[in-house]
Amino acid sequence: MYDIVIIGAGITGAMLSWKLSRYRLKIAVLEKENDIAEGATMANSAIVHTGYDPEDGTLKAELNVKGAQQYEQICAQLHCAYKTVGAYIAACGAEEEEQLAVLAARADARGIPYRMLSRDEAIAEEPNLSEQVTRVLDFYTTAVIYPWEVADACMETACGNGAKLYLNAPCCGITKDSDGFTVETPAGSFRTRYIINAAGVHAEQIHNMVAKADWHATPRKGEYYVLDQDAQPIRHIIFPVPSKEKGKGVLAIPTVYGNTLIGPNSDFLDDPDDNGTTVDGLAYVRANISKTLQNIPLNRSIRTFAGIRPTTTCPDFIVTELPDVPHFIDAVSIESPGLASSPAIADKVIAILAESLTLTENPDAVMTRKAPVVLAALSDAERSALIAENPAYGRIICRCEKISEGEIVDCIRKPCGARTVKGVKKRVRPGMGRCQGGFCEPKVVHILARELGISPLEVVYDSPKSNILESDNRI
Ligand SMILES: Cc1cc2nc3c(=O)[nH]c(=O)nc-3n(C[C@H](O)[C@H](O)[C@H](O)COP(=O)(O)OP(=O)(O)OC[C@H]3O[C@@H](n4cnc5c(N)ncnc54)[C@H](O)[C@@H]3O)c2cc1C
């Protein structure tokens with residue numbers, strides 16, 4: 001019998017498992033996909049919003065501010081990238097400047113630092129601001145992260161403390177009895193005292209297995225361009241002034257690894273799993289970025305991608321125990337700023353659990369993660385010493401991002417390690433560069449096959465049927 005089953009291993013489930021893993025608890029995390037962070041956590045703007053945007057009185061406002069305040073420390077503890085780049089909210093004209101004043105007042109009330117910049121001051125920092133920009137509100141503590149890395153580090157550390165991660169384990173039924181719940185998956189049944197529903201766009205289905213939801217999923221797609229690392233048109237995140245109709249709007253975001261993201265749009269979806277990019281969506285992004293920025297080299301795009309926001313008919317986060325189903329807790333409707341808020345969402349779930357569950361600290365729990373080897377970050381001397389010890393670190397597999405075989409092997413062998421080509425790409429970045437895997441992917445396939453003891457024909461890109469090699473046609 002588990003104490004807690006968490007359904008969904010996105011940032012909500014992973015952060016919660018990490019925070020819960022400091023207690024003496026039996027925890028299982030069930031994930032329907034063959035890797036963690038395959039939902040909204042995989043494809044987003046990666047911004048640790050400081051918390052000026054959500055409306056007063058919402059859970060989003062409370063948890064965004066509290067979550068963002070914890071991020072830098074968490075990333076330091078788990079050896080994850082955290083880069084403070086600052087966010088410019090660029091107003092075009094008097095009406096939008098009034099909105100900047102509203103955001104500044106909110107920031108004052110929430111203790112979020114900012115400064116107001118004239119057009120000239122802003123242009124000195126960001127020469128590609130458009131002609132229309134008249135004033136800028138600079139939230140200079142805003143940071144960007146690498147979302148999969150944080151989810152992965154949380155999950156890895158939680159598993160190190162005894163949590164169990166079950167991949168390919170979609171929850172397809174829940175029954176409740178006097179002792180607790182039975183969660184059905186094709187990977188087996190799980191008995192548990194508590195359930196946390198962190199299933200993102202599929203959370204309504206999970207909720208409806210125990211009670212009828214009074215909200216509905218309304219997933220919204222957001223599409224992006226990724227620009228090459230040597231095309232860096234901006235240094236800060238550039239936002240338009242947010243509006244009710246367009247939300248946060250189309251942004252430009254410098255990533256932790258020096259690429260630039262341009263996007264997203266916001267389109268409601270019938271199919272919650274439709275994460276393909278579209279001609280119309282990308283055209284919208286191109287048309288709208290020109291409001292705040294000029295000279296954006298979209299011809300330097302190396303990839304496009306789309307993410308799906310787990311929005312619902314409820315405009316706020318829902319983090320609550322179901323009144324009619326005690327011990328079943330929803331952590332749902334976690335749209336933006338869900339990434340930034342995730343540490344505080346986890347705290348709120350833990351506070352709910354603590355009302356009926358005794359949480360005893362485990363003195364042996366280790367809440368930090370050993371820093372992974374990142375060859376590109378080492379000095380020549382450190383690199384030489386490492387290669388002398390293990391020559392695999394001297395074999396560069398991804399020439400764009402300078403990733404060695406040793407780093408790829410590490411990410412496969414570690415707890416909750418990569419099992420797919422995309423899993424390797426998410427963890428150590430081969431295929432993220434200009435050639436998008438054109439050169440390194442075949443080598444990654446062979447390393448995965450060797451490490452997992454399977455045929456290269458069995459290696460998949462991501463989902464179970466996404467095999468890369470069709471047959472062995474060597475004569
Ligand atoms: C375009 C876009 C931009 C965004 N930008 C930002 C940003 O800059 N900053 C920010 O703070 N937030 C941002 N967000 C929001 C943020 O990405 C989400 O709030 C967050 O990732 C939600 O995490 P989650 O774990 O709740 O959901 P998900 O990441 O979707 O995880 C849910 C998991 O549940 C699994 N699952 C589903 N059904 C089942 C089942 N039946 N059984 C088992 N597992 C199941 C899924 O496979 C998935 O892994 C953005 C989102 C999008 C889409």
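How many residues of the shell around the ligand are nonpolar, how many polar and how many charged? In this predicted model, the shell divides into 20 nonpolar, 15 polar and six charged residues. The ligand is surrounded by 41 residues, and the closest of these are G10, G39, G200, G222 and G338. At least two residues of the shell come from each of α1 (11-20), β18 (301-309) and α8 (338-354).

The protein is divided into three parts: domain 1 (1-82 + 144-216 + 310-371), domain 2 (87-140 + 220-309) and domain 3 (375-458). The ligand lies between domain 1 and domain 2, because both give residues to the shell around the ligand. A distance of 33 Å separates the C-alpha centres of domain 2 and domain 3.

The largest nonpolar core has 114 residues, and the members that touch the most others are V5, I7, I145, V150, C154 and I196. With eight residues, helix α2 (residues 59-78) gives the most to this core. Domain 1 and domain 2 both give residues to the core, so it lies between them. Residues up to four places away in sequence left aside, C154 touches A14, M15, S17, W18 and L78. Apart from this core lies another, of 17 residues, with C398, C400, I447 and L448 among them.

In helix α10 (residues 405-413), the buried residues are E405, G406, E407, I408, V409 and C411. The elements that cover these buried residues include β21 (396-398), β22 (403-404), α11 (421-428) and α12 (441-452).

Strands β10 (residues 173-176) and β11 (residues 181-185) run antiparallel and are joined by four bridges. Within this pairing, I174 has V183 in β11 as its bridge partner. The hairpin of β10 and β11 has four residues between the strands, and G180 takes a positive phi near 160° there. Strand β11 is also joined to strand β12 (residues 188-197), by five bridges and in antiparallel fashion. These two strands form a hairpin with two residues between them, and T182 stands opposite R191 in β12.

Three bridges hold β4 to strand β8 (residues 143-145), where K83 stands opposite V144 in β8.

Several backbone angles were also examined. Most residues other than glycine have a negative phi, and most peptide bonds are trans. A cis peptide bond, with omega about -5°, joins G263 and P264; P264 is placed in the loop between β16 (260-263) and β17 (267-268). The bond from S336 to P337 is cis as well, with omega near 10°, and P337 lies in the loop between β20 (328-332) and α8.

N168, a residue other than glycine, has a positive phi near 50°. N168 is located in the loop between β9 (164-166) and β10. With 15 other C-beta atoms within 10 Å, N168 is partly exposed. Q436, also a residue other than glycine, has a positive phi near 50°. The loop between α11 and α12 contains Q436, and this residue is partly exposed, with 15 other C-beta atoms within 10 Å.

How values were computed: Residues are numbered from 1 along each chain as its sequence is written. This is a predicted model: local features need pLDDT of at least 70, side-chain atom pairs count only at pLDDT 80 or more; totals for chains, interfaces and linings use all residues. A residue is near a molecule or strand if its C-beta atom, placed from the backbone, lies within 6 Å of it. Ala, Val, Leu, Ile, Met, Phe, Trp, Tyr, Cys and Pro count as nonpolar, Asp, Glu, Lys and Arg as charged, and the others, Gly among them, as polar. Domain bounds come from an automatic or database domain assignment. A nonpolar core is a set of buried Ala, Val, Leu, Ile, Met, Phe, Trp, Tyr and Cys residues joined through C-beta atoms within 7 Å. A residue is buried if 20 or more other C-beta atoms lie within 10 Å of its own, exposed if 12 or fewer, and partly exposed in between; C-beta atoms are placed from the backbone. Two residues are in contact if their C-beta atoms, placed from the backbone, lie within 7 Å. Two strands pair if DSSP finds at least two bridges between them.
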